[in-house]
Amino acid sequence: MTFPSKKHFWIGLVLLGSAGVLFIPPIVEQSVILLIVLLPIVIFLLSIWFRTYDRIDGDRLFAISGPFRWSIPIQDIRSIEKRKTLLSGPSLSLDRLTILYGVGYDIIVISPEKEDVFLQLLLDKNPNIELKGVPENLDH
């Protein structure tokens, strides 16, 4: 099941605003070469805005943000904490879930829409996940 990322206004303003501003120099300079140089950066920024989502598929959680992809075995997830944080990760919102997984202290921060459905699907596959700061109405 796929969960688009929540989108926060300010993050959108920064991403989309930056993409828009990058078009100004090629237009002002009337430079095709400058447009060719800056176009990949614009495409990169737009891909993050339009292609950031999380997917639960089988026994894995996939986090996708533009060209970046993470694959996490659901059985390796140790805890999930709801936080408002500026930690970097495949998230377009400041209202995030911090996921601790693996044998070390691997962390990923994501912000799926329909958070309660997302969390319940993970708990159904791994009831040992420790939840912090999330609603109590989930079947654990």
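Which residues does Asp-54 touch, not counting residues up to four places away in sequence? They are Met-1, Thr-2, Phe-3, Leu-61, Phe-62, Ala-63, Ile-110, Ser-111, Pro-112 and Phe-118, where contact means heavy atoms within 4.5 Å. The model is predicted, so local features need pLDDT of at least 70 and side-chain atom pairs count only at pLDDT 80 or more, while totals for chains, interfaces and linings use all residues. Residues are numbered from 1 along each chain as its sequence is written, and side-chain values use heavy atoms, with hydrogens and water left out.

Asp-54 is placed in strand E2. Its relative accessibility is 0%, so Asp-54 counts as buried; the term means under 20% relative accessible area, with exposed over 50% and partly exposed in between (1.4 Å probe, protein chains only). Between Asp-54 and His-8 there are 46 residues in sequence and 16 Å in space, C-alpha to C-alpha.

The sheet that holds E2 comes next. Four strands form an open sheet in the order E1-E2-E3-E4, with antiparallel pairing. Strands (E, at least two residues) and helices (H or I, at least four) are DSSP runs numbered from the N terminus, and two strands pair if DSSP finds at least two bridges between them. Strands E1 (2-4) and E4 (68-73) are at the edges with a single partner strand each, so one side of each has no neighbour in the sheet. From one strand to the next the twist averages 15°. Strand E2 (residues 52-57) runs antiparallel to strand E3 (residues 60-65), and 6 bridges join them. Thr-52 has Ser-65 as its bridge partner in E3. Helix H4 (residues 115-125) packs on the sheet and touches E1, E2 and E3, its direction making about 30° with that of E2. Such angles run from 0 to 180 degrees between N-to-C directions, with axes fitted as lines to C-alpha atoms, for helices over the stretch in contact.

The whole structure has 4 aromatic pairs, that is, rings of Phe, Tyr and Trp (its six-membered ring) with centres within 6.5 Å; planes under 30 degrees apart are stacked, over 60 edge-to-face and the rest tilted. The ring centres of Phe-3 and Phe-118 are 5.2 Å apart and the planes stand at 85°, so this pair is edge-to-face. Because Phe-3 lies in strand E1 and Phe-118 in helix H4, the pair ties together parts 115 residues apart in sequence. Both Phe-3 and Phe-118 are buried, whereas Phe-9 and Trp-10 are exposed.
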